[in-house]
Amino acid sequence: GHSVGEYAAACIAGVFSVEDALKLIAARGRLMERRSAPGAMFTVFADEAVVAKLIAPFAQTVAIAAVNGPEIILVSGATDTIAKVKALCERAELRVVMMRISHAFHSPLTDPVLAELEAVARSLTLNRPKIPLISNVTGGFVDEEVTDPSYWSRHLRQSVRFCESIALLHAQKLDYFIEVGPEPTLIGLDLAFRAARTDQASSAKWIPSLQRGRDDLHSLLDGAGRLWTAGVNLV
């Protein structure tokens with residue numbers, strides 16, 4: 001997916017080694033478990049500006065965690081406050097889906113973690129990307145920004161700008177996107193994005209790496225076969 005998926009992307013782009021990427025992501029998980037209070041997250045199907053206005057009175061403990069589509073907003077924060085915000089959304093007749101997660105990523109509840117996570121990032125060797133890398137933090141291409149340890153603490157705290165990232169990806173006029181992950185979650189978000197943004201004309205085809213309920217090897221070989229028959233050099 002995104003957010004944590006940017007660690008994998010940065011690793012492939014040469015920002016840090018596999019060992020350093022694992023060190024940083026393990027520290028992130030460990031610190032969230034120990035230092036961040038339990039929280040909750042939900043998706044609300046509404047415009048970002050509408051959601052931002054609804055949660056504004058609760059800014060101390062609630063934030064927009066991700067903009068996953070033009071009207072697919074992930075909200076994150078303290079469990080009791082999230083319940084109040086959810087009720088407000090429902091009174092406004094907005095569809096809400098609770099997430100199965102124990103902590104409030106990309107919210108004020110991560111604040112106690114940030115300094116320690118940045119300290120871990122300072123202990124790593126951080127390089128400029130060797131291939132183009134799109135940031136979840138900015139929604140745009142990044143270069144030297146990812147060599148600043150504070151980028152990786154902001155990455156945990158700030159909203160995931162997935163909608164802007166996918167718009168930029170489509171603007172590159174690529175033929176294929178490959179989702180690397182256990183199930184094609186982002187493919188579904190992109191389909192919703194294309195349906196909502198008819199101005200983003202794109203003929204790019206998505207290929208999943210793994211799919212729930214399907215043999216892993218068969219899924220990988222099927223994706224590789226589709227790329228090979230399209231003329232992509234897999235060597």
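**Close-up 1. Phe-141 is partly exposed in this predicted model.** Here the relative accessible area comes to 41%; buried means under 20%, exposed over 50%, and partly exposed in between, using a 1.4 Å probe and protein chains only. You'll find Phe-141 in the loop between α5 (111-122) and α6. Helices (H or I, at least four residues) and strands (E, at least two) are DSSP runs, numbered from the N terminus. Leaving aside neighbours within four places in sequence, Phe-141 is in contact (heavy atoms within 4.5 Å) with Pro-132, Leu-133, Ile-134, Leu-168 and Gln-172. Ala-196 sits 55 residues away from Phe-141 along the chain, and their C-alpha atoms are 23 Å apart.

A quick note on reading these views: residues are numbered from 1 along each chain as its sequence is written, and side-chain values use heavy atoms, with hydrogens and water left out. As this is a predicted model, local features need pLDDT of at least 70 and side-chain atom pairs count only at pLDDT 80 or more, while totals for chains, interfaces and linings use all residues.

**Close-up 2. Ser-153 is buried in helix α6.** Helix α6 covers residues 149-157. Ser-153 counts as buried because its relative accessibility is 6%. Its side chain makes a polar contact of 3.3 Å with the side chain of Glu-118. Such a contact is a pair of N or O atoms within 3.5 Å; within protein, one must be able to donate a hydrogen and the other to accept it, and residues adjacent in sequence count only if both atoms are side-chain atoms. Beyond neighbours within four places in sequence, Ser-153 touches Leu-114, Leu-117 and Glu-118.

**Close-up 3. Four strands make an open, antiparallel sheet.** Read across, the order is β2-β3-β1-β4, and two strands pair if DSSP finds at least two bridges between them. At the edges are β2 (62-69) and β4 (96-98), each pairing on one side only. Neighbouring strands are turned by 25° against each other on average, direction ignored. Helix α3 (residues 48-55) packs on the sheet, touching β1, β2 and β3 (72-78), and its direction makes about 170° with that of β2. For these angles, axes are lines fitted to C-alpha atoms, for helices over the stretch in contact, and values run from 0 to 180 degrees between N-to-C directions.

**Close-up 4. Strand β1 is largely enclosed by the rest of the structure.** That's so because 6 of its 6 residues are buried. Gly-39, Met-41 and Thr-43 point one way, while Ala-40, Phe-42 and Val-44 point the other. With β3, strand β1 pairs in the antiparallel sense over 6 bridges, and Val-44 stands opposite Ile-73 there. On to β4: 3 bridges join it to β1, again antiparallel, with Met-98 as the bridge partner of Phe-42.

**Close-up 5. The largest pocket holds about 1000 Å³ of space.** A pocket is found on a 1 Å grid over the protein atoms alone, as an open set of points where a 1.4 Å probe fits, with protein on both sides within 12 Å along at least five of seven lines; lining residues have an atom within 4 Å of a point. Its volume is the space filled by probe spheres set on the points, which are joined across faces, edges and corners. There are 29 lining residues, with Gly-5, Ala-9, Leu-133, Leu-169 and Ile-178 nearest the centre. Elements giving two or more residues to the lining are α1 (5-12), α7 (162-171) and β5 (176-179), and α1 supplies the largest share, 5 residues.
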